[in-house]
Amino acid sequence: MSTPTGFRNPVVPGFNPDPSIVRVDGDYFLITSSFEYFPGIPIYHSTDLVSWSLIGHALSRPSQLDLRSCEPGTGIQAPTIRYNKGCFYVTACAVHRTSPANATDPRIMPRSFYVSTSDIWNKGSWSDPIYFDVLGIDPDLFFDDNGKTFLSVAGLVTDPAARQQHKGIPLAPHILEVDLATGSSLGPLTLLRTGVVGNGVSEGSHLLKREGIYYLLTADGGTEVAHQEWICRNASSPFGPWEVGPQGVNPLVFNNNHPEVQQTGHLDMVEGPDGRWWAVFLGVRPVKGGLTRVEEHFQKSFLFSPGQDIHKDGWYHLRTPQKKAYNLHAVPGSIALYGGPYDLRVDENVTMLLQKQTAFQGVWDVTLDYQPCAPGHEAGTTVWWSKWAFASVGIRGVKSQGDTKMERGMVFRFPEPEGDEFKETVTLIEGPPGPIHFRIVAEPTRYTFLVGADSTSLREIGSISSRVLVRTRPFDAIFTGTHLGIYAVGADNQGSWTPAVFSEVIWSGLRAGGK
C-alpha cells in the first residue's frame with residue numbers, strides 16, 4: 001500500500017455522488033449513491049487513494065433492493081461504509097416517492113437499513129437488509145470503543161422548540177443507540193444539531209472518534225451552490241452537546257460559486273497508515289465553455305462473452321429488473337436485448353443498460369443489428385439523465401397505413417429546448433436489412449448524433465445542447481448524473497420477441513481534471 005504524493009481530482013469521475021470510505025489494512029474501499037439505478041451502491045477499491053477500480057455492488061439482488069416505480073432522482077441516497085470486528089457494514093435508505101398526490105399528502109420518509117459481509121470481494125456475500133425502526137435519510141453507523149452501536153440519520157425536526165428556532169428546511173441529523181443484530185432501537189432519537197447556512201438543511205452526518213474526542217461531520221446548506229461541510233466536536237458523548245468549529249475551521253469544505261468546482265460537501269474521512277487523514281466528497285464541475293486542461297486520453301471497449309458479469313463492467317439497469325432481458329449467447333462478442341413492454345418515459349424497469357459518462361468530451365460508438373417484429377418496436381442508443389432529460393437515436397418498426405410490409409425507420413428523439421415536450425424525426429432506412437453504426441459525440445456544451453452503415457460512413461442526424469439535460473425543474477433527477485447506453489422497447493403493451501444485437505461498443509475521449 002502507498003499514500004498519494006500527488007493526485008488529480010476527481011479521483012472517481014462521473015456520476016459518483018456522496019462518497020463514503022473505509023480503510024482495512026492496506027486496502028481502501030469507497031462507495032457512492034446509486035439512486036434509481038441497479039445494482040445499487042457501487043464499491044470501488046484502491047491501495048493509494050488515487051487509482052480506483054469497481055469491484056462490485058452492495059445491493060445486487062431484488063431481495064435487497066426493489067426500485068420498482070421509483071421516480072427519477074429517488075432510490076439509494078448517501079450510503080455509508082464502515083468496518084468493525086472483521087465485518088463490513090453498509091447503511092443506506094431507498095427513497096421511492098417524493099411527489100405528493102395533493103397538498104395534504106404527507107411526505108414519505110424512507111426507513112434506513114444495513115447490509116453486511118465478511119468478504120467484500122465476494123459479490124454474492126452481502127446479506128439481505130436489516131431494517132432500523134427510525135425514518136430518515138443519509139444513515140451512518142458508528143461503533144464506539146465501549147461496544148455500543150449508534151445510528152445517525154437526517155430526519156425532520158419534531159421538537160417544537162427546536163423547530164420554532166430553526167430557519168429554513170427542518171431537516172437535521174439525529175442519533176440513537178441500536179441493537180445491531182435486529183436493528184431495533186435502544187432509546188429515543190436525539191437531535192444533534194441544526195443547520196445555520198443556505199437552506200438550513202444539515203444532513204450526511206458521520207461520527208468519528210480520535211483520542212477520546214467525538215467528531216461530527218455534516219453536509220450543510222443543501223446540495224446546491226451553498227453546499228458545504230461542517231465539523232463539530234464533543235469530549236464526552238456522541239449525543240452532544242456539540243462544539244462548533246470556529247471560523248477558519250468551518251466550513252471545512254466550501255467552494256461557493258467557484259468557476260471550476262462547486263457544490264462540494266457530503267464528506268467522509270479516513271486515516272492513512274501514516275496517521276494522515278484524507279477526505280472524499282462530492283463536487284460538480286460547471287461547464288461554461290470548452291475544456292481548459294486536457295490531461296488524459298482514454299478508451300474503453302466493452303466486450304461481451306457468455307457468463308460475463310456485466311455489472312462488474314459498470315453496466316446499470318434503470319430500476320430493478322423484473323426478469324433478465326439480455327442475452328450474451330446470441331452472437332459471439334455481442335449483447336442482445338429483448339425490449340420489454342415499458343416505454344422509455346415510464347417509471348418502471350425499462351429495458352436499458354447504461355454506462356456512466358466519465359468525461360465531458362468523448363465519443364460513444366455502438367453497432368446495432370435489429371429487425372423490428374412489430375410497428376413501434378424500437379432499439380437504439382441514448383444519452384440519459386432522466387425520463388425528462390434524454391436524447392436517443394435508434395431503429396423503429398414502421399408500417400404505412402394499408403401496407404403489409406414492415407420497414408425500418410431511423411428515429412431521433414430529443415427534448416425541446418424550452419418546455420417539457422419531446423420531438424422526434426423518423427426517416428425510412430433505405431437498402432437491405434443489416435447493422436447500423438451509431439455515434440454520440442459528447443462535448444462540454446452539446447451532444448451530436450451520427451449514423452451510418454459503419455464507422456467510416458457516418459452522417460449527422462441531429463444534435464442537442466447539454467443544457468437541456470441539466471435543467472433543474474422540480475421533477476428532474478437533479479442529484480444524479482449523465483449516462484450513455486443502449487435500449488430496446490416494445491409497443492402497444494407488449495415486449496419485443498426479436499433481439500436487438502449490440503456490438504462494437506466503445507467509449508473513448510479526453511478526460512480533464514485539476515492538479
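User: Which loop holds Ser 69?
Analyst: This is a predicted model, so local features need pLDDT of at least 70, side-chain atom pairs count only at pLDDT 80 or more, and totals for chains, interfaces and linings use all residues. Residues are numbered from 1 along each chain as its sequence is written, and side-chain values use heavy atoms, with hydrogens and water left out. Strands here are DSSP runs of E with at least two residues, numbered from the N terminus. Ser 69 is found in the loop between β5 and β6 (75-76).

User: What is phi of Ser 69, and is Ser 69 buried or exposed, or partly exposed?
Analyst: Ser 69 is not a glycine, yet its phi is positive, at about 65°. Buried means under 20% relative accessible area, exposed over 50%, and partly exposed in between (1.4 Å probe, protein chains only). Because its relative accessibility is 42%, Ser 69 counts as partly exposed.

User: Why does Glu 211 count as exposed?
Analyst: Glu 211 sits in the loop between β16 (202-210) and β17 (213-220). Glu 211 also has a positive phi, near 55°, in a residue other than glycine. Glu 211 counts as exposed because its relative accessibility is 74%.

User: Which residue has a side chain in polar contact with that of Thr 32?
Analyst: Thr 32 lies in the loop between β2 (27-31) and β3, and Thr 32 is buried, with a relative accessible area of 0%. Leaving aside neighbours within four places in sequence, its contacts (heavy atoms within 4.5 Å) include Pro 17, Ile 41, Tyr 44 and Pro 79. A polar contact is a pair of N or O atoms within 3.5 Å; within protein, one must be able to donate a hydrogen and the other to accept it, and residues adjacent in sequence count only if both atoms are side-chain atoms. At 3.4 Å, the side-chain partner of Thr 32 is Asn 16.

User: Where is the peptide bond to Pro 241 placed, and what is its omega?
Analyst: Pro 241 lies in the loop between β18 (228-234) and β19 (243-244). The bond joining Gly 240 and Pro 241 is cis, with omega of about 5°.

User: What area is buried between domain 1 and domain 2?
Analyst: The domain assignment, where bounds come from an automatic or database source, gives domain 1 (19-278) and domain 2 (295-512). Their centres, taken over C-alpha atoms, are 34 Å apart, and 23 residues of domain 1 are in contact with 29 residues of domain 2. Buried area is the accessible area (1.4 Å probe) that two parts lose on being put together, summed over both. Carbon and sulfur atoms give 58% of the total, which is about 2,000 Å².

User: How many salt bridges cross the interface of domain 1 and domain 2?
Analyst: A salt bridge is a side-chain nitrogen of Lys or Arg within 4 Å of a carboxyl oxygen of Asp or Glu. Asp 309 forms a salt bridge with Lys 123, with the closest N and O atoms 3.2 Å apart. Across the interface of the two domains, the rule finds two.

Technical notes: Helices (H or I, at least four residues) and strands (E, at least two) are DSSP runs, numbered from the N terminus.
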